Amino acid sequence: MSFEVRRFSHGSRVPDWNDAVDLTKDPASVPDPATTPVPAELRAEIEAAMARYPDHRSAALPALAAVQRHHGWCSPEGIEQAACVMRLTPAYLTAVATFYDMFDTQPVGRHRVYVCTNISCSLRGADELCERIEQAAAGDPDINVRHFECLGACDIAPMASVDGVYVGPIELDEVDELIDDIRNDRPPLPRKQLRLRPSADTLPLDGKDRS
Amino acid sequence: MEKLLFKDIDEPGLNTIDVYRRRGGYESLRKALAMPREAVLNELLASGLRGRGGAGFAMGKKVSFLPKGAMDVYLCCNADESEPGTFKDREIMQKNPHLLIEGIIIAAYAAGANKAFIYIRGEYVLQADILDAAVKEAEAAGFLGESILGSEHSLSLVVHRGAGAYICGEETALLDSLEGKRGNPRLKPPFPANQGLYQGPTLINNVETLSTVPFIIQMGGEEYAKLGVENSTGTKLVSVSGHVKRPGNYEIELGMRSRDIIYGLAGGPPDGRKVKLWFPGGSSSPVLTGSDEDLDLPYDFDTMAKAGTMLGSGAIIVVDDSTSVVDVAYKTAYFYRHESCGKCTPCREGTNWTVKMLERIKAGEATPMDLDIIASVCTNIIGHCLCVLGDAMAMPIGSMVQKFRAEFEEEIERRREEAWAATVAPEPELPLIQGAVA
């Protein structure tokens, strides 16, 4: 009896493991400024960030954030541009970008909606909320909904961060309104935004339910 | 009790330097700069202020550990508040950023640091913008930069935004991330006080700790130490969330009865519900039950440690009896699996397998033996990793299995029966013909 082990590219038993790389190429070195055009705005932003630290490598996170703002995601092209300005290899910056949740290494919709589904929020129905938001935004390539770990706003649970704006507590029947606001580039649910919320500590202890 | 950190927190414009100064802001800085460095340090030591980020290490001691001599000393403010249930630093930074900046300048003076960083989590966009604006204002007013208020002390302050990683709240991972690397924790020792950011001595403190410093200088360390209880001095912000009527941040004097926080301030669970369990210090702390004995514990560092848990970041998450303990354990473990950086094996594998076992329980495929395996995984994580992220999963999960074992076993049984009922094949419509199959 003989078994034939299924082999994929380069003799590997694991399919698609090398999708991200082209093994026929040499490892990328620090990009050559002569052949790597960098948008002036992006270059200025990265250079300003580098100037703020004793070691310019500390600007890796701000640089990747700038790349994401300019390109919509941390694209290989964008990472190469940042690597060119920072005099690092693209591999170094890719390694950093893949570590952090807020950097997208795949193209995504331009609106980022993070729904917190951690303990405090899920106790207040965040899992259902996340599902409903995903359904309401389904098929819209502009809206990127994803569940996120604790966003640090358990007082307004269940909540979501819409392009960095904290909104909550979101009722299930407000989901359509929220998605509508996002689609039309309006501020999301203005009455429910965190920045307007008074501190719980200053409110009178009148026994009223404020959750 | 008189509020310190949250005094008039909702005053309009408190985040601007004009309003802050009109209320006596930056006066503590003036007072501190007129004192010799050692005197400021002595005030911090006398105050007994313990770190508010989670570990509860005495701040004055931390400052005194920094080596003396001519070298670059750094100060990092840990504003990567990602501990589930914690949101106190967010409120300080959003509403009173200058208080934090003043605290940083004074602490940097005591530590002899000339470069300071605020590492704020990337999700806090609004708060980071407010801090950026506040730093600019403070620079323009001469509180930051060269020779502050005519003294020898100079300080530059940079707001550094993270990009979404819980592990970067761990002090050495924070340093790696600030150096532009993946946020992996480092082996300790050397501790950051000796070798931290850019290999230099580094003081790392939480937002709330640093924001308390101006009050210590203003009141005097000994006066501050009169607040609270012995070994847990001062006031503390507690973030109460979960099944309570009035979730939010409350400033309390340490040593307050836990029941008065959960029921008195936060309104307790919804009507008709009882507290089943609560996390006293963020999701990393072993849970306490809703028994009178646990609810009557005074809320301070030492009492919580004696009760087998910890005060942590001061985040109380309340779970009422409508929720199954299995679901709480699953959510907790899932979070740590997601956030484990993968550097050490016990944490990377232990969190993963704990989640898988809890998934088995949820799917009705587990036996009570799985609970013993979970408990043994937990004991094998604790103390065996570079940082405490693995411990932070093992401690609450271990305590839940220990304290709610009966409920776990009941759930395992119930879900197994449910799963069984759902998978039993329906009776075949045609009678089987005996002997038809050879």
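I'll start with one pair of residues. In chain A, K192(A) makes a salt bridge with E174(A), and the closest N and O atoms are 3.1 Å apart. This pair links distant parts of the chain, 18 residues apart. K192(A) sits in the segment after α7, which spans 175-183 of chain A, while E174(A) is in the loop between β4 (165-167) and α7. Over all chains, the structure holds 51 salt bridges. Before going on, please note that this is a predicted model.

Next, the interface. How many of the salt bridges lie between chain B and chain A? The count there is 3. One of the salt bridges joins the side chains of D155(A) and R90(B), with 2.8 Å from N to O. Polar contacts between chain B and chain A come to 32 residue pairs, counting those with both residues at pLDDT 80 or more.

On the side of chain B that touches chain A, helix α14 of chain B, residues 325-339, gives the most, with 6 residues. By type, the residues on that side divide into 29 nonpolar, 23 polar and 18 charged.

Now the overall contact. Chain B puts 70 residues in contact with 53 residues of chain A. The size of an interface is often given as the accessible area lost when the parts come together. Here, the two chains bury about 4,600 Å² between them, and 56% of that is on carbon and sulfur atoms. Which residues of chain B lose the most area to chain A? They are R182(B), R246(B) and K331(B), which together account for 15% of what that side buries.

Turning to chain B itself, I count 18 helices and 13 strands. Five of the strands are in an open sheet with mixed pairing, in the order β8-β7-β13-β10-β11. At the edges stand β8 (248-253) and β11 (288-289); each has a single partner strand, so one side of each is left without a neighbour in the sheet.

For β8(B), that partner is β7, residues 235-242, and the two pair in the antiparallel sense over 6 bridges. As an example of a bridge, V238(B) has Y250(B) in β8(B) as its partner.

Last, dimensions. Along the principal axes, the C-alpha atoms of chain B fill a box of roughly 105 × 45 × 35 Å. The radius of gyration of chain B is 25 Å; for 438 residues, a compact globule would have one near 22 Å, so the value for chain B agrees.

That's what I have; questions are welcome.

Technical notes
Residues are numbered from 1 along each chain as its sequence is written. Chains are lettered from A and ligands numbered from 1 in the order in which they are written. Side-chain values use heavy atoms; hydrogens and water are left out. Contact means heavy atoms within 4.5 Å. Buried area is the accessible area (1.4 Å probe) that two parts lose on being put together, summed over both. A salt bridge is a side-chain nitrogen of Lys or Arg within 4 Å of a carboxyl oxygen of Asp or Glu. A polar contact is a pair of N or O atoms within 3.5 Å; within protein, one must be able to donate a hydrogen and the other to accept it, and residues adjacent in sequence count only if both atoms are side-chain atoms. Helices (H or I, at least four residues) and strands (E, at least two) are DSSP runs, numbered from the N terminus. Ala, Val, Leu, Ile, Met, Phe, Trp, Tyr, Cys and Pro count as nonpolar, Asp, Glu, Lys and Arg as charged, and the others, Gly among them, as polar. Two strands pair if DSSP finds at least two bridges between them. The radius of gyration is taken over C-alpha atoms; the globule rule is 2.2 Å times the number of residues to the power 0.38.
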